[in-house]
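Visitor: Could you walk me through reading a few features here, with the general idea before each case?

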Amino acid sequence: MPELKVGLHAMPTDDFRQAATELILNDQVDVLECTFDARWQLVDEISISDYQYPDWYQSLIQVYSDENSLLGHGIMLSPLSAKTSPRQLRWLEKLERECAERNYLHVSEHFGFFEADGFIDGAPLPVPHTKEAVEIGRSMLKNMAQSSNKDVGLENLALAFSKTEAQEQGAFLNNLLDKQNNFLLLDLHNIFCQIANFNLNAKDHLSLYPLHKVREIHLSGGSYSKSWSGKRDAIRRDTHDGPVPAEVFDLLDLALTMCPNLEFVILERLGNTMDGEDDYAQFRADYKRMYDLARGK
């Protein structure tokens, strides 16, 4: 396996700039990933929103694009919605223009859906593993590939409504990612959420995913939320707002031995979730630990 490229998911916020600049200037960030559709206005028509990214962020993204070191990640397509909406069609049109303007190595989206009958809200929700759902997902992946002219991938979901559903997601993704230009983006904190919430064995659960299709790995932190009723234990959520847990680093150590076609390892943290030098130092320490594991140090 060639040497892995290690990088960051770039955020257009000052806390990311403060935390990441040292890593970038020291040539420790091989690749950047950006959420290309975060600035699109998801209303009746897809358009660039009034919000303008800071000049430093746009310049940074352009540098990595020019150096053939930029990954594209989407969050707003809702690829497993039962019915393709006009909004999704406009999203695909915008993706085509985006990929003509920037040089993405590949593009990815999330497993699941968050749009139904025009209603859009919240994080992606899981979908029952049915023949019809597989056909819908394959069709949308084909549309993404045609619009982007890139290889396309799906990221596994943290949320599951049952232990059985959590254990079935890997097989579902394997069925969806059926083309040569498809790949799995394996989010290890999402795997940790399922392990923690359903008391699963880490290696056994990881083995349920099509690990030969993993091209990219995400690491991040998260949090626990208590139920409103108080009738069940707190659940682990993929909130991307804290340090990477030790258990997720353990999963990376394991996944590095199980994913033969892995190319990229990316650290994620939401913007505006770091407050001061201690948080910036923790972010850099998480990155260094991830970097060293990926490089076998």
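Guide: Glu-3 forms a salt bridge with Arg-295, and their closest N and O atoms are 3.8 Å apart. The general idea is that a salt bridge is a side-chain nitrogen of Lys or Arg within 4 Å of a carboxyl oxygen of Asp or Glu. Glu-3 lies in the segment before strand 1 (5-9) and Arg-295 in the segment after helix 9 (277-294), so this pair ties together parts that are 292 residues apart in sequence. Helices (H or I, at least four residues) and strands (E, at least two) are DSSP runs, numbered from the N terminus.

Visitor: What should I know about the model and the numbering?

Guide: This is a predicted model, where local features need pLDDT of at least 70 and side-chain atom pairs count only at pLDDT 80 or more, while totals for chains, interfaces and linings use all residues. Residues are numbered from 1 along each chain as its sequence is written, and side-chain values use heavy atoms, leaving out hydrogens and water.

Visitor: How many salt bridges does the rule give?

Guide: The count comes to 10 salt bridges. Another one joins the side chains of Arg-295 and Asp-30, at 2.5 Å from N to O. That pair also links distant parts of the chain, 265 residues apart, with Asp-30 in the loop between helix 1 (14-25) and strand 2 (31-35).

Visitor: Are such residues buried or exposed?

Guide: Buried means under 20% relative accessible area, exposed over 50%, and partly exposed in between (1.4 Å probe, protein chains only). Glu-3 is exposed, at 63%. Arg-295 is partly exposed, at 22%, and Asp-30 is partly exposed, at 21%. Salt bridges that share partners join Glu-3, Asp-30 and Arg-295 into one network.

Visitor: Where does helix 5 bend?

Guide: A bend at a residue is the angle between axes fitted to the seven residues ending there and the seven starting there. Helix 5 bends by about 35 degrees at Gln-169. Gln-169 is also among the buried residues of helix 5, which include Phe-172 and Leu-173.

Visitor: What covers those buried residues?

Guide: Contact means heavy atoms within 4.5 Å. The cover over the buried residues of helix 5 includes helix 4 (131-148), strand 9 (152-155), strand 10 (182-187), helix 6 (188-198) and helix 7 (202-206).
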